[in-house]
Amino acid sequence: MLTFTIRRMITSIPTLLFISIVIFGLLQLAPGDPMAQVPLTVPPEVKQKMREALGLGAPVHIQYLKWLNQFFIVEPQFLIDWMTRDSFLFGWLPDTQLSMVYDVELEKLVPQQRNISWQTRSPIMDIVIQRIPQTLWVVGLAYIVGILIALPIGIYSAYRHYSVFDQAGTFITMVGFSIPPFFTGPLLIVIFSVTLGWLPSIYDTTHVVNDWASFKYQLSQMILPVMVLALQTTAQISRYMRASMLDNLNQDYVRTARAKGLKEGVVVMVHVLRNSMIPVITVIALGVPSIFGGAIITENVFGVNGIGQLLITALFANDIPMVMTITFIFAIMIVVFNLIADVLYGVLDPRIRYD
Amino acid sequence: MTDTANEIDPYAALQDKEPGKPPRNQWLDVWDQFKKHKGAVFGGGFLVFITLAVLLGPYLWTVDAQKLDIRNKNVRPIWIAIWDGGAKTLWHRPFGTDNLGRDLLAQMIAGGRASMAVGWTAMLLSLSIGTGVGVAAGYFKRLDGLLMRLTDLFLSLPILPLLLVAVTLFRQPLRANFGPEGGMFILIVVVVGLTSWMQTARIVRGEVLALKEREFILAARSIGTTSGAIIRRHLLPNVISPIMVSATLGLAVAIITESALSFLGVGFPSDFPTWGKMLADAVPRMEEYPERVLLPGIAISLTVLGVNYLGDGLRDALDPRIRGR
């Protein structure tokens with residue numbers, strides 16, 4: 001198992017490199033010019049200097065290698081430095097100063113050049129790290145809520161196959177599967193914010209939770225986006241749960257367990273459920289990155305100031321380095337969670353042997 | 001009693017009997033099983049209805065979807081008058097008009113045309129790429145490793161962000177070459193088709209790998225049939241059922257993706273209605289005019305729901321193990 005995991009990790013490196021080349025190549029073909037906003041009175045040689053300052057003067061392959069260097073070497077160094085300097089967990093360690101380089105002219109340590117956004121002229125990873133908690137709160141909570149709703153529905157509708165509950169559950173999951181989030185979002189806003197006036201329609205990211213009333217407000221503004229995202233998760237996962245339970249309920253070991261005189265609850269909730277969870281857990285792991293991608297639309301509808309909205313605004317502002325970094329972060333998540341799903345499958349199911 | 005027993009023809013079991021009726025066609029069995037799935041029949045019916053409505057609609061409802069009628073702007077749909085007598089409704093604008101006075105029924109028909117055209121074309125494109133890759137990988141051992149690696153790589157691409165990037169970046173050059181609508185149509189179809197063929201390829205490859213070892217393929221090869229002919233005559237007809245099922249899924253995905261792109265504002269130009277675009281345009285004013293959100297939203301959702309149910313029913317009907325139960 002360990003060798004398989006290591007082998008999978010090594011093979012995922014060329015995958016990531018390929019994806020980064022695809023994204024980089026796509027963005028290289030972009031017709032946009034970051035200097036288009038600069039006033040015409042600026043002389044061309046100054047413009048050329050500004051272009052070179054943004055790293056646009058170098059040939060394409062140098063730009064790509066520099067980007068790789070900044071993403072994989074410089075940024076982790078800054079992260080380690082931040083952890084040993086400011087974080088609570090590792091702050092007691094001596095300051096590593098990995099990201100500092102010795103400048104000959106100034107004769108002191110200066111921070112390295114980081115990958116900067118063309119929009120804000122500040123390091124991209126700082127902005128991304130600011131935005132990630134918003135996305136994680138809304139999307140992560142929605143995913144957990146969706147799973148918690150989906151599992152009982154799947155279990156019960158498989159156990160009572162073809163019952164009214166099963167038919168209704170199948171219909172509702174089918175509906176949840178088919179209605180796109182850009183329709184459920186406005187629909188729920190019309191129902192709950194406009195008609196009933198119960199919940200706010202826009203997510204306020206600057207809201208600070210410091211007492212009970214503000215906590216209740218935070219909860220109420222999270223309900224709508226979480227509902228929209230959870231509906232999709234529920235639909236997908238309860239379908240898998242139901243199919244997997246149906247497969248296992250007809251197996252011989254279930255009949256054996258019943259013949260031994262075990263209680264029905266034990267048979268279903270222990271014997272069958274544990275075996276049916278194996279594929280469902282891998283599906284849950286595989287769904288994590290796609291829910292981040294899908295959250296782009298939901299964040300846009302509710303104005304959640306997360307990473308998906310950051311991507312959209314960067315795209316419209318022609319901020320190529322930002323788009324490149326965010327898209328690549330999505331790709332890393334897909335590759336990592338694919339790997340986790342594969343490993344989990346082998347760990348949970350002893351019948352599967354990769355070696 | 002013994003006499004009558006002796007009269008029975010002792011050779012009955014050995015006699016050749018003509019079958020009472022000709023053997024049933026496989027597709028008749030499929031149709032019988034399909035009919036049992038009520039949801040699938042409704043879904044298929046709705047898909048046919050929507051397709052016919054958007055194809056024939058412009059001939060029945062001859063109002064121009066682009067025509068501005070600023071005097072009759074913001075007309076509510078006719079059914080609002082049932083509970084709100086004071087609302088501004090007009091009999092010749094049954095679905096109402098938008099904030100520029102464009103007829104919403106005509107816009108729904110035109111938008112459906114665009115959405116369905118994108119959906120069908122992108123689905124056909126992704127299906128042909130997927131089938132091609134799947135058959136090639138399953139049949140030719142040399143290509144298998146390479147093509148499946150490629151499929152895995154495509155599966156680990158972040159699709160929606162890449163779609164957004166591609167559509168935003170290539171909008172200008174394609175518009176310049178093929179006109180605003182044509183360029184956008186080509187771009188969306190190609191981009192959706194290129195990013196959704198992987199599942200089809202995997203399924204088809206699996207089926208082809210299993211079929212390739214069967215005796216009829218061996219027999220075909222032993223009488224000197226060429227590879228191309230084996231693929232055309234023997235393999236493709238046998239993988240038609242998984243292809244049809246993934247076709248329905250592909251149609252649903254393509255319609256939703258096109259609407260999502262239009263919703264995010266990177267789709268068709270602003271004067272060219274599609275369902276996603278109408279929905280996006282209506283969202284800022286949905287408090288006063290919720291029907292403008294509901295109409296295109298329900299149209300998208302029902303179409304996708306119908307397509308998904310159709311796929312469900314087709315999967316059951318085309319699976320010989322389930323059929324006849």
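Reader: Which helix supplies the largest share of the lining of the largest cavity?

Author: H13(B) does, with 4 residues. Bear in mind that the model is predicted.

Reader: What makes a residue part of that lining, and which residues line the largest cavity?

Author: A lining residue must have an atom within 4 Å of a cavity point. From chain A, Met174(A), Phe177(A) and Arg239(A) line the largest cavity. From chain B come Leu249(B), Asn308(B), Gly311(B), Asp312(B) and Arg315(B). Helix H5 (164–178) of chain A and H13 of chain B each supply at least two residues of this lining.

Reader: Why is this space called a cavity, and what is its volume?

Author: The name fits because a 1.4 Å probe fits inside but cannot get out. The volume is about 50 Å³. The structure holds 1 cavity of 30 Å³ or more.

Reader: How many residues of the lining are nonpolar, polar and charged?

Author: The lining divides into 3 nonpolar, 2 polar and 3 charged residues. Gly311(B) lines the cavity, and Gly counts as polar by the rule used.

Reader: What makes the meeting of chain B and chain A a contact, and how many residues take part?

Author: The test is heavy atoms within 4.5 Å. The contact takes 36 residues from chain B and 41 residues from chain A. The area buried between the two chains is about 3,400 Å². Carbon and sulfur atoms give 85% of that area.

Reader: Which helices of chain B supply the side that touches chain A?

Author: Helices H5 (141–155), H6 (159–178), H11 (240–263) and H13 (291–318) of chain B each supply at least two residues of that side. H13(B) gives the most, 11 residues. The residues of this side divide into 28 nonpolar, 6 polar and 2 charged.

Reader: Why is the pair Arg8(A) and Asp342(A) called a salt bridge?

Author: The closest N and O atoms are 2.2 Å apart. The limit is 4 Å, so the pair qualifies. Arg8(A) sits in helix H1 (residues 2–28) of chain A. Asp342(A) sits in helix H11 (residues 320–348) of chain A. Over all chains the count comes to 8 salt bridges.

Reader: What is the secondary structure of chain A?

Author: Chain A has 11 helices and 2 strands. Along the sequence the pattern is α-α-α-β-β-α-α-α-α-α-α-α-α. The C-alpha trace of chain A spans about 85 × 60 × 45 Å along its principal axes.

Conventions: Residues are numbered from 1 along each chain as its sequence is written. Chains are lettered from A and ligands numbered from 1 in the order in which they are written. This is a predicted model: local features need pLDDT of at least 70, side-chain atom pairs count only at pLDDT 80 or more; totals for chains, interfaces and linings use all residues. Side-chain values use heavy atoms; hydrogens and water are left out. Buried area is the accessible area (1.4 Å probe) that two parts lose on being put together, summed over both. On a 1 Å grid over the protein atoms alone, a cavity is a set of points where a 1.4 Å probe fits but cannot get out, and a pocket is an open set with protein on both sides within 12 Å along at least five of seven lines; lining residues have an atom within 4 Å of a point. Grid points are joined across faces, edges and corners, and a volume is the space filled by probe spheres set on the points. A salt bridge is a side-chain nitrogen of Lys or Arg within 4 Å of a carboxyl oxygen of Asp or Glu.
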